[in-house]
Amino acid sequence: MRSGMIPAGSLRSLEICAGVGGLALGLETAGFHPVGLVEKDVRTCEALRLNRPGWNVVQMDANEFDPDEIPVTYDVDLLVAGLPRLRADSGSQEEADEERALVNCAVCLVGPVRPRAVVIENLPKLADGADFAADREEIGKELEHLGFRLHWRVLNAKDFGVPQDREHGFLVALREDVADDFRWPSPLGGEARTVGEALHPSMVERRWPYADIWRDHARRPAPLLVGGSRLHGGPDLGPSRTKKIWQRLGINGKVVADAGPECPSRVDTTKWDLADKGWDLEGSEKGMPALTLAQVALLQGFPADWVLPQGKTNAYAQLAQAVPPALAAAVGRQVFEALS
């Protein structure tokens, strides 16, 4: 498919803060084709173009995006934004201001772009937390004034086939002429997929002799993947309480391993080949394997061949912020049905 061609039967979408592509990939599965994917990180844009040459990837800060410069983004079916996580009382003021500016940016684009539907994804508390009641009210006033009806909901990725206990807050806003036809997706039912099931083949590939025993031990979804802040050091699997959960699962959560044997080795880097790696649940996490970026991507539900941005810290931060494609697809299918 040549760049710019829209597959038959697809609806058109515009996405800001596209990140590593979780929302776009899931929405593609649901029937949406992005006529514009706005992302400011150069390396992430390069990876998105490699993954999907037919996507129109625009390397730009979302705050500077002007639909006049890309007229095809006017009157799209769906405007979507997977925004950096808002915070109520932690983090730097600089980060907090930047996060709220992007929420305002997404809402302010609705008027000039004139989409039929809007999807905004963020932390669960944006959808139902008391700390963000004022934000919801402000967003509601603006979108209702533009003729949209709002639907807020918290969804957990583990209910949609993702091997991770991961909640996301969603706003779906639809124009009044299609709002009655929207329904939230229903959970798949049954037991959630486990870490052991999801990563066992990759542990075997890494030549870990304990892969089978570990699979049977790691019989729960992964904890929420967080960490990798651009302001607070390199990649790891999150705060201390999350690292302890990983340690109980037999994984060293204090580091993310290099992607493969072709990467330059460092003294403090966990090796790709685990043939000589032990596993002692009563011992230190240093004696346990660390996850690679490719395995983190699997826990987010990305395809095994999905190209990640260059730079381990940057790639991990993008992955930790991403919406699992399966969750995006579940929401996207419901929006597609309403619009169709």
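1. The buried residues of helix H1 are covered by several elements, including strand E1 (11–16), strand E2 (32–39), strand E4 (78–82) and helix H12. Please keep in mind throughout that this is a predicted model, so that every value below is computed from predicted coordinates.

2. How many of the 9 residues of H1 are buried? The count is 7, and H1 is therefore largely enclosed by the rest of the structure. The residues concerned are Gly22, Leu23, Ala24, Leu25, Gly26 and Leu27, together with Ala30.

3. Helix H1 spans residues 22–30 and helix H12 residues 325–339, and the two pack with their axes 7 Å apart, at an angle of about 45°. The crossing in which H1 passes H12 is right-handed.

4. The residues that form this contact can be named on both sides. From H1 come Gly22, Leu23, Leu25, Gly26, Leu27, Thr29 and Ala30, and they meet Pro325, Ala328, Ala329, Gly332, Arg333 and Phe336 of H12. Sorted by class, the contact between H1 and H12 holds 8 nonpolar, 4 polar and 1 charged residues.

5. At the end of H1 the chain continues with glycine 31, which has a positive phi, near 115°.

6. A separate point concerns asparagine 314, which is placed in helix H11, a helix covering residues 312–321. Is this asparagine 314 buried or exposed? Its relative accessible area is 16%, and because buried means under 20%, asparagine 314 counts as buried. Leaving aside residues up to four places away in sequence, asparagine 314 touches Asp41, Arg43, Thr44 and Pro309.

7. For the protein as a whole, the secondary structure comprises 12 helices and 7 strands, and 53% of the 340 residues are buried. Of the contacts with a separation of 6 or more, 68% are accounted for by residues 24 or more positions apart. The protein exposes about 15400 Å², of which carbon and sulfur atoms supply 49%.

Technical notes
Residues numbered from 1 in each chain as written. Predicted model: local features only at pLDDT ≥ 70, side-chain atom pairs only at ≥ 80, totals over all residues. Heavy atoms only, no water. Helix = DSSP H or I, 4+ residues; strand = E, 2+ residues; numbered from the N terminus. Buried < 20%, exposed > 50% of the residue type's maximum accessible area, 1.4 Å probe, protein only. Contact = heavy atoms within 4.5 Å. Areas by Shrake-Rupley, 256 points an atom, 1.4 Å probe, with all protein chains shown as cover. Axes fitted to C-alpha atoms, helices over the stretch in contact; angles between N-to-C directions. Left-handed = near helix turned anticlockwise from the far one by under 90°. Nonpolar A, V, L, I, M, F, W, Y, C, P; charged D, E, K, R; others polar.
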